[in-house]
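Reader: Could you walk me through how the helices pack here?
Author: Gladly; let us look at the model together.

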Amino acid sequence: MDQHSLVEQLSPKVKLVRVERGYTQERMSLILGVSKKTLVQIEKGRIQASWTTLVAMVALFRDSEVIQNTLGEDPLEVLETIAHESVYRPKQRTLGGKVWWTSVEEHNGYILQQNVLSQHYRIIDGNYYRYFSSFDLKEARQKLAELGENPI
């Protein structure tokens, strides 16, 4: 997934997020920092939302069922991984991936998982702490090997 594909997936869902929250178009446009006219154009499918508009929407409505059903339990992780291409942050606790994740492989107590919705990868330990996220399987496997050989 990249910025373009995220824009294609989420632009048609802006109205669903707005309606889910019970906001008017005027209120939603103020929250997202776009004009009401622009919001109407997005909701009617005439234009796509910009990357920055969708980043704002995901960040501000990360608990939305619409967004979570599109990006998974931690939509901010998906955004961060897209923006930075990969994220290495030792010891960030997760819920363990019981719903949104499929285990790909394990190495010395570390688990490489793939998100079933966004398709990005992450590495967690046996206590569900996240160490790494990326859309690149080769890079994720390399980091899994490094972590397995040199535990933090």
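Author: The buried residues of H3 pack against H2, H4 and helix H5 (51-60), where contact means heavy atoms within 4.5 Å and helices are DSSP runs (H or I, at least four residues) numbered from the N terminus. This is a predicted model, in which local features need pLDDT of at least 70, side-chain atom pairs count only at pLDDT 80 or more, and totals for chains, interfaces and linings use all residues. Residues are numbered from 1 along each chain as its sequence is written, and side-chain values use heavy atoms, with hydrogens and water left out.

Reader: OK, which residues of H3 are buried?
Author: Met 28, Ser 29 and Leu 32 are the buried ones, buried being under 20% relative accessible area with a 1.4 Å probe, protein chains only. Seen down the axis of H3, they fall within an arc of 100°, so they line one face of the helix; the arc is taken over the directions from the helix axis to the C-beta atoms.

Reader: And what comes just after H3?
Author: Gly 33, which takes a positive phi of about 75°.

Reader: Switching to H4, what is buried there?
Author: In H4 (residues 36-43), the buried residues are Leu 39, Val 40, Ile 42 and Glu 43. Viewed down the axis of H4, these fall within an arc of 160°, so they too line one face of their helix.

Reader: What covers them?
Author: The cover over the buried residues of H4 includes helix H2 (14-21) and helix H3 (25-32).

Reader: Which residues of H2 and H3 meet?
Author: Val 14, Val 17 and Arg 18 in H2 meet Gln 25, Met 28 and Leu 32 in H3.

Conventions
Buried < 20%, exposed > 50% of the residue type's maximum accessible area, 1.4 Å probe, protein only. Helix = DSSP H or I, 4+ residues; strand = E, 2+ residues; numbered from the N terminus.
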